[in-house]
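Student: I've got a protein model open and I'd like to learn how to read it. Could you walk me through some features, one at a time?

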Amino acid sequence: MAGGVPRNFRLLEELEKGEKGIGDGSVSYGLESPDDTYMSSWIGTIIGPNNTAHENRIYSLKIICDKDYPMKPPQVRFTSKVNMACVNQANGNIEPKTFAILSGWNPKYTIETVLTELRREMQSPANKKLPQPPEGTNF
């Protein structure tokens, strides 16, 4: 439980927020299947930030919130190919040791936090000019 809120209540809150849309629409997320009563399998989308090699690209991700979420971070994997320092180029997994939000996880963080920080990471000097794989390719 995070702050006394059971896991499923917390995930229902996140689902509701994700379905309503967030901020400028640059990140979105929801359940992969409406039949997932345990709310463990999520999909996310990040629209690449302007003035970067990611501009005008749409990236898809898979997010797994296991039984220990939110006390432990979700597993996050790009399904769209992307070249970023924190992404394992063999399988698209976000490497927690190279992505601060996952390595320094706080139960107050959410799926939205992870997606927003990944988008911010795309704008970092280490990633914004990296050559990208052809659009539409997947891990």
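Student: Let's start with Trp 42: is Trp 42 buried or exposed?

Tutor: Keep in mind that this is a predicted model. Trp 42 has a relative accessible area of 0%, so this residue counts as buried. The cut-off for that word is under 20%.

Student: Which residues have the most contacts inside the largest nonpolar core?

Tutor: Here's the general idea: in soluble globular proteins, nonpolar side chains tend to be buried together. In this model the largest nonpolar core has 29 residues, and those with the most contacts inside it are Trp 42, Ile 46, Phe 78, Ile 94 and Leu 118. Helix 1, strands 1, 2, 3 and 4, helix 2 (100-103) and helix 3 (111-122) each supply at least two residues of this core. Helix 3 gives the most, with five residues.

Student: And what does Ile 94 touch?

Tutor: Leaving out residues up to four places away in sequence, Ile 94 touches Val 76, Arg 77, Phe 78, Cys 86, Val 87, Phe 99, Leu 102 and Leu 118.

Student: How many bridges join the strands?

Tutor: Strand 1 and strand 2 pair over five bridges, and Leu 31 has Trp 42 as its bridge partner in strand 2. Strand 2 (residues 41-47) and strand 3 (residues 58-64) pair over seven bridges. There, Ile 47 stands opposite Ile 58 in strand 3.

Student: How many aromatic pairs does a search of the whole structure find?

Tutor: To read such pairs, remember that a pair of aromatic rings is described by the distance of the centres and the angle of the planes. The search finds four aromatic pairs. Take Tyr 29 and Trp 42: their ring centres are 6.2 Å apart and their planes are at 45°, so this pair is tilted. Tyr 29 lies in strand 1 and Trp 42 in strand 2, so the pair ties together parts that are 13 residues apart in sequence. Tyr 29 is buried too, with a relative accessible area of 7%.

Student: What are the distance and angle for Tyr 59 and Phe 78?

Tutor: The ring centres of Tyr 59 and Phe 78 are 6.0 Å apart and the planes are at 90°, so we call this pair edge-to-face. The pair links distant parts of the chain, with Tyr 59 in strand 3 and Phe 78 in strand 4, 19 residues apart. Tyr 59 is buried at 1% relative accessible area, and Phe 78 is buried at 0%.

Student: Which residues do ring pairs link into a cluster?

Tutor: That's Tyr 69, Trp 105 and Tyr 109.

Student: Last one: what lies over the face of Tyr 38?

Tutor: Arg 7 does, at 4.0 Å from the ring centre.

Conventions: Residues are numbered from 1 along each chain as its sequence is written. This is a predicted model: local features need pLDDT of at least 70, side-chain atom pairs count only at pLDDT 80 or more; totals for chains, interfaces and linings use all residues. Side-chain values use heavy atoms; hydrogens and water are left out. Two strands pair if DSSP finds at least two bridges between them. Helices (H or I, at least four residues) and strands (E, at least two) are DSSP runs, numbered from the N terminus. Rings of Phe, Tyr and Trp (its six-membered ring) pair if their centres lie within 6.5 Å; planes under 30 degrees apart count as stacked, over 60 as edge-to-face and the rest as tilted. Buried means under 20% relative accessible area, exposed over 50%, partly exposed in between (1.4 Å probe, protein chains only). A charge sits over a ring if NZ of Lys or CZ of Arg is within 6 Å of the ring centre and within 35 degrees of the ring normal. A nonpolar core is a set of buried Ala, Val, Leu, Ile, Met, Phe, Trp, Tyr and Cys residues joined through side-chain atoms within 4.5 Å. Contact means heavy atoms within 4.5 Å.
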